[in-house]
Structure formats: C-alpha cells, structure tokens
Amino acid sequence: MTNVWFWTGIALVLAFFLASRAIEKSSAGETILLAMDRITDPLWMRLDDFVRVVIAAFFVAIFAVGGVYLTPDLKTPAEWVSWTQLLIAGLIFSRKTQPLAALGIIALWLLALRDYDVFHLLDYLALGVGVAAYLVLEASSNPEWRNHRFEALRWGVAIALMWSSLEKFAYPD
C-alpha cells in the first residue's frame with residue numbers, strides 16, 4: 001500500500017472513469033453510445049458464436065503450446081492431453097457435441113488434480129466449470145435452462161478473478 005505506482009494506477013483509473021462518465025452524460029454522449037451500439041450490434045446478434053469461437057481458439061492455442069493441462073503453468077508429459085484439447089475445440093461448434101466438450105474440460109481439470117494440489121487448481125476450477133456450464137446450457141433445447149448460459153459464464157469468470165485476487169493478497173510471493 002506504500003507503493004507510489006499502485007496509487008498512481010488507482011488515480012489514473014479513477015480519472016479515466018470520471019472523464020468517461022462526464023462524456024457519457026454530455027450531449028455528445030448519447031450520440032457516441034448509439035454509434036457504439038451500431039458498430040457492436042453484429043457482435044451482440046451472434047454472441048454465442050463469438051463465445052464459442054473464443055473458447056475454441058483458446059483450446060487451439062493450448063494445443064499449440066503442447067504439454068499442458070488447460071493452462072501453460074500446468075505441465076504434463078502426456079502428449080494425448082494436447083490432442084484432447086484440440087478435440088475439445090472441434091466439439092464446440094455443434095450443439096450436439098458441446099456437452100462432450102464440457103465433459104472434456106472437467107475431465108482435464110480432474111486429471112490435472114492428480115498431478116497438482118487442489119489449492120493450485122482452484123484458480124482454474126470456477127473458470128473451467130463456468131465455461132463447461134455455458135457449453136451445456138447453450139446446447140440445451142430447454143429455453144429456461146438456455147437463458148442461464150451467460151449467467152453461468154459470468155459467475156465462473158467472476159469467481160475465478162476474485163479467487164486469483166484473494167490468492168495474490170494471501171500469498172504475495
């Protein structure tokens with residue numbers, strides 16, 4: 001808390017936030033927000049496609065790194081794990097196979113648990129479960145369940161970020 005760069009960063013973020021809020025509330029703000037909505041509307045209309053592409057790209061990237069479970073800091077000598085991640089990436093694009101991709105994500109987390117301690121893997125539990133839940137709910141034919149897909153993803157990301165932050169404060173080294 002005595003680091004001057006920490007407080008400089010906080011001050012810059014606060015200044016940016018206040019300036020953004022002032023512009024948003026100004027007469028030009030509504031025009032800017034409408035323009036941003038027009039530009040991003042195609043993305044919002046295909047949000048599920050975008051999320052699936054991002055998840056698949058992540059698994060292709062992890063495949064390309066090779067020799068890791070779900071993230072570069074969880075090393076494994078098993079080459080088949082990388083191929084499983086490529087398979088997960090391929091399974092994401094069909095609603096029929098998305099639950100299999102979700103099962104693969106959970107299975108890889110459980111396999112990593114065999115080689116690493118639970119505390120280390122808690123960083124990836126919420127995110128992995130959130131992504132897996134998203135894939136299962138997005139593939140669901142039940143509209144009531146499907147409506148909760150982004151909620152599951154948000155909760156997974158939020159818990160993963162909160163856990164990582166807590167971990168950094170608890171164990172700064």
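Mentor: Start with the axes: each is a line fitted to C-alpha atoms, for helices over the stretch in contact, and angles run from 0 to 180 degrees between N-to-C directions. Helices here are DSSP runs (H or I, at least four residues), numbered from the N terminus. This is a predicted model, where local features need pLDDT of at least 70 and side-chain atom pairs count only at pLDDT 80 or more, while totals for chains, interfaces and linings use all residues. Residues are numbered from 1 along each chain as its sequence is written, and side-chain values use heavy atoms, with hydrogens and water left out.

Trainee: At what angle do the axes of helix 4 and helix 5 cross?

Mentor: Roughly 155°, with the axes of helix 4 (residues 79-91) and helix 5 (residues 98-115) coming within 8 Å. Angles under 35 degrees count as roughly parallel, over 145 as roughly antiparallel, 65 to 115 as roughly perpendicular and the rest as oblique. So helix 4 and helix 5 are roughly antiparallel. Contact means heavy atoms within 4.5 Å; helix 4 brings W80, V81, T84, Q85, I88 and L91, and helix 5 brings Q98, L100, A101, G104, I105, L108 and L111. That contact has 9 nonpolar, 4 polar and no charged residues (Ala, Val, Leu, Ile, Met, Phe, Trp, Tyr, Cys and Pro count as nonpolar, Asp, Glu, Lys and Arg as charged, the others, Gly among them, as polar).

Trainee: And how do helix 6 and helix 8 lie to each other?

Mentor: Their axes come within 7 Å and cross at roughly 170°, so helix 6 and helix 8 are roughly antiparallel too. Among the residues in this contact are L127 and V131 of helix 6 and F150 and W163 of helix 8. By class the contact splits into 15 nonpolar, 3 polar and 4 charged.

Trainee: Which way do helix 3 and helix 8 lie, then?

Mentor: The axes of helix 3 and helix 8 cross at roughly 40°, within 12 Å, so this pair is oblique. The contact is L47, D48 and V51 of helix 3 with R149, F150 and L153 of helix 8, giving 4 nonpolar, no polar and 2 charged residues.

Trainee: How much space lies in the largest pocket?

Mentor: A pocket is an open set of points on a 1 Å grid over the protein atoms alone, where a 1.4 Å probe fits, with protein on both sides within 12 Å along at least five of seven lines; lining residues have an atom within 4 Å of a point. Volume is the space filled by probe spheres set on the points, which are joined across faces, edges and corners. Here the largest pocket holds about 460 Å³. Its lining has 19 residues, and F58, F59, L127, G128 and V131 are the closest to the centre. Helix 3 (47-65), helix 6 (118-139) and helix 8 (149-170) each give two or more residues to it, with helix 3 giving the most, 6.
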